[in-house]
Amino acid sequence: MLSYVVRRLVLIVPSLVGITFVTYLFLSVTGDPCTALLGERWTVDRCDAIREKYGLNDRLPVQYARYVGTLVRGDFGHSVLTKRPVVDELREKFPATAELAMAAMMLAVLFGVPLGIVAAARHNSGVDLGAMIVALVGVSMPVFWLALMLIYALAYRLGLFPTGGRLSSGVAIDTITGLHVLDAVLTANGKALRDALHHLALPAMALSTIPGAFIARITRSSMLESLGQDYIRTARAKGLRELRVVGRHALANALLPVVTVIGLQMGLLLSGAVLTETLFAWPGMGRWIVEAISSKDIPVVQAGVIVFATVFVVINLVVDVSYAWLDPRVRLG
Amino acid sequence: MLRFAPRAAQSACLALSLVALAACGGEPTAPPPEPVAEEISTVELEPAAPATDPERLIFAHPDDATKLDPADVTDSESLLVTWHLYEGLTRYVPGTTEIEPWLATAWTTSDDGLEWTFTLREGVTFHDGTPFDAEAVVWNFQRWSDKAHPMHFADWEFTYWEYMFQGFAGDLDDAGEPKSVVAGIEAVDPTTVKLTLNRPSAPLLQNLAMGNFGFSSPAAVEASGANYGTPAGNPISAGTGPYMVEEWMADDHITVVAYDGYWGDAPETVRIEFSVIPDGSARYLSLATGEIDGMNQVNPEDIAQAEENDDIAVVLEPANNVGYLGFNQAHAPWDNLNCRLAVAHAIDKQAIVDTLYAGDAVVASQMMPPSLWGYNEGIEDWPNDLDAANAYMTTCRAEATVPDEVVFYVPPIQRFYFPKPKELGEWIQASLAGIGIVTRIESPEWGSTYIPDVRAGKHDLFLLGWGGDNGDPDNFLCQFFCGADASFNGDAEGNGLPPSVELDTLLREAATLSDQAARAAAYEQANAMIHDTVPSVPLVHRSPPVLFRSNVTGYTPSPLQTILTRVAKQ
């Protein structure tokens, strides 16, 4: 198993090389950051000066080689817009996205898996229909709309939640990991913990609907297939209680596809939920990367691409390793 | 039957209740029917707007500052904060574009306008306690202007120095002459500096009042190095202003606190928190719930709602911008005055303002807003008159060849002067079709193509706008009509030409006049000339709204800055 894991991690490197080159290519042919920096003050001379300053007049292979050279030294470069080291901005924004993604996935799993199990166990009943309607609505509902509705109803009208941000004004927290909930626990800061959870609730709810709906549907399909197997009939014939049949025998074998979907969805969530982050003023990576793309802030976009690609690869690896844990028949390596 | 079903339902309920408990944010095992006597619980359970700290004013804007060193920023989000941290030799009289002495209490000019001697205010300190004096002024000017200065960091731009003073030390134009207006600066004594110019600059005092030319403590910049102005700086910033930085949580908020050693009147509110809420609707909802006290960048659709909400006050800043339709006189028939007059009479500007704006714009009759001195009150705008438009069009067709299709550039994204550019473009297209001009709308990508194409004169007609920097008419009019690019006219090689040589000459001369009254008269004359020759059709001046909770007082709307120093919560 260890050699398998190491081999998979090493294979990240050629993947990243290919991805960063393609990204560089696409960004280079779609323009430069002049207009983002200059706006209506754009002139040929000013843009030329910017292009000269950032080496954008060099041939593409030269630019790319220069970039790779800095990357090898662990330097993601500086943001063209803010001039700050990209790695500093990454360090600030990734924990925010990670915290939101993990919270959303927890909610998605807590809702989706039981919903799928119930639907499968009461197949073709009203419960099944209701559960799948809920899942269909969840996957169909635009996140942007849902987020606004949550803010309007639960924050504005009922005042139960804040409208956005990660912490209330005046609430202090010692930053260790950047994950406010975890940092509050580690520093035994009850006030900050409650406030962080309070702020996390609405965006996590909004973000969890689509993955939750996917998880519910795949859990149901997988459970139906599992419940139709001969060994389930045998287990029932042997007089086992239904809870044990479903929870112990059917569920365990149904989880493989569910774990795959959870992994994929987690990767998507960690890529940053732009709309949710924008609406809830959540200072994460999604909005940061999208703004960088529209501003042609190449160093930031490249950093984002590298981070996302690495996240997907690592998550896929974790999913693959979990197969071996879930299904003893699976042998890795 | 399936006896587990209730168990599964219980599992689902348990999951739901876990979320609800997390959402309540209180003790996870004790949802209290009555509020526990703790501040957080009361805020959570009360649906009414929470009472915010009277000593903390929370003002929301859509994006975080990029940097808190004004010398290197161009974005309004950074300047919103730095206006409260830094001061310059002069400042804008609150609510106007007039200037007044500030860190310089007086100044004299040599007869040739090339030497300016400033007397500095005494008793001023930077936020790090170091004194503001002539040496500090000289250090800052040299840092801004000289690329060789050790604190003029290589990957910083100091863009507005280049814009307003036309170049850095040592830059030469094609004739070998210094590009920069500023030749040098020296400390005459601890409270006197002498600024030497390469050529007279009438807008000098207006430029020096800009937020970009606030002074930083040399010691602070040297201590922080290239991290100055960033969250990693130590210190983050050190100006002489009434506020200093207390905390910067990147992409979340910046908190500034009143500076104890400020030389002037203490600010009304001890703390201001500049909070980042990117989405306009979310920002408005935060204001409506009372979570924040003020906001800018208001969605047009929220303005009407805000006006009906007794808890919110709508304040319109005097316009400092213009949105216009421009003609490319290098392309026939737009070099013909009758053709341009036909278009000027065909557009119903009032209907555009009434329909495409939310009460936050006025019709523009000139290419600079009324808030600027030099505005000509006597100009009567060309009326929307279809008969006159058709008559001019008939003459136009007799004198020139109107192409079958006219290329009409329309911005693809919202701009601060055109919140609905697509609708505006279609509106004007329909108006021109009514007098027989067929247009083809092109909206190339803003980020890479639109402005370069316009500057290169690839259009026949174009929509664009401009926001003023320093309250000086030259910043509007010469920007447009001094032939720096081919937007309004060009030669066969695509080089820029002024649409009118006479206008160009007038504007260039006006920029050198030292007498303010003479300058104002020159710009009024220029505005009249622009009106008569129609190089463009000014359409709107937009007044950006700022919203506050009704209990917030003391804000002075301004065309150039958002200053919260005198704002307090009742």
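At what angle do H6(A) and helix H14 (residues 285-295) of chain A pack, and how far apart are their axes? The legends below begin with this pair.

**View 1. Helices H6 and H14 of chain A.** H6(A) and H14(A) pack at an angle of about 130°, and their axes are 8 Å apart. Axes are lines fitted to C-alpha atoms, for helices over the stretch in contact, and angles run from 0 to 180 degrees between N-to-C directions. H6(A) is therefore oblique to H14(A); angles under 35 degrees count as roughly parallel, over 145 as roughly antiparallel, 65 to 115 as roughly perpendicular and the rest as oblique. From H6(A), A:Glu89, A:Lys93, A:Phe94 and A:Thr97 meet A:Met285, A:Gly286 and A:Trp288 of H14(A). The residues of this contact comprise three nonpolar, two polar and two charged. Ala, Val, Leu, Ile, Met, Phe, Trp, Tyr, Cys and Pro count as nonpolar, Asp, Glu, Lys and Arg as charged, and the others, Gly among them, as polar. Residues are in contact if their C-beta atoms, placed from the backbone, lie within 7 Å. Helices (H or I, at least four residues) and strands (E, at least two) are DSSP runs, numbered from the N terminus.

The model shown is predicted: local features need pLDDT of at least 70, side-chain atom pairs count only at pLDDT 80 or more, and totals for chains, interfaces and linings use all residues. Residues are numbered from 1 along each chain as its sequence is written, while chains are lettered from A and ligands numbered from 1 in the order in which they are written.

**View 2. Helices H6 and H15 of chain A.** Helix H6 (residues 86-121) of chain A and helix H15 (residues 298-326) of chain A have axes that come within 10 Å and cross at roughly 50°. The two helices, H6(A) and H15(A), are therefore oblique to each other. The crossing of H6(A) past H15(A) is right-handed; a crossing is left-handed if the near helix is turned anticlockwise from the far one by less than a right angle, and right-handed if clockwise. A:Val86, A:Leu90 and A:Phe94 of H6(A) make the contact with A:Pro299, A:Val300, A:Ala303 and A:Val307 of H15(A). By class, the residues of this contact are seven nonpolar, no polar and no charged.

**View 3. Helices H11 and H12 of chain A.** Helix H11 (residues 230-237) of chain A packs with helix H12 (residues 242-270) of chain A at an angle of about 150°, their axes being 11 Å apart. This makes H11(A) roughly antiparallel to H12(A). H11(A) and H12(A) cross in the right-handed sense. On the H11(A) side, A:Tyr231, A:Ile232, A:Ala235 and A:Arg236 meet A:Val245, A:His249 and A:Ala250 in H12(A). Five nonpolar, one polar and one charged residues make up this contact.

**View 4. The two domains of chain A.** Chain A is divided into domain 1 (14-72) and domain 2 (86-326), with bounds that come from an automatic or database domain assignment. Their C-alpha centres lie 35 Å apart. In chain A, 12 residues of domain 1 are in contact with 10 residues of domain 2. Helix H2 (residues 12-29) of chain A gives the most to the domain 1 side, with seven residues. That side of domain 1 has seven nonpolar, four polar and one charged residues.

**View 5. The seven-strand sheet of chain B.** In chain B, seven strands form an open sheet of mixed pairing in the order E8-E9-E10-E1-E11-E19-E12; two strands pair if DSSP finds at least two bridges between them. Strand E8 (243-249) and strand E12 (312-316) of chain B stand at the edges, each with a single partner strand, so one side of each lacks a neighbour in the sheet. Strand E1 (residues 56-61) and strand E10 (residues 271-276) of chain B pair in the parallel sense over six bridges, and B:Arg56 stands opposite B:Arg271 in E10(B). Helix H9 (residues 300-308) of chain B lies across E12 and strand E19 (545-549) of chain B, running at about 125° to E12(B).

**View 6. The contact between chains B and A.** Here 57 residues of chain B are in contact with 58 residues of chain A. H1(B) supplies the largest share of the chain B side, 11 residues. The residues of that side divide into 31 nonpolar, 11 polar and 15 charged.

Note on methods
Contact = placed C-beta atoms within 7 Å.
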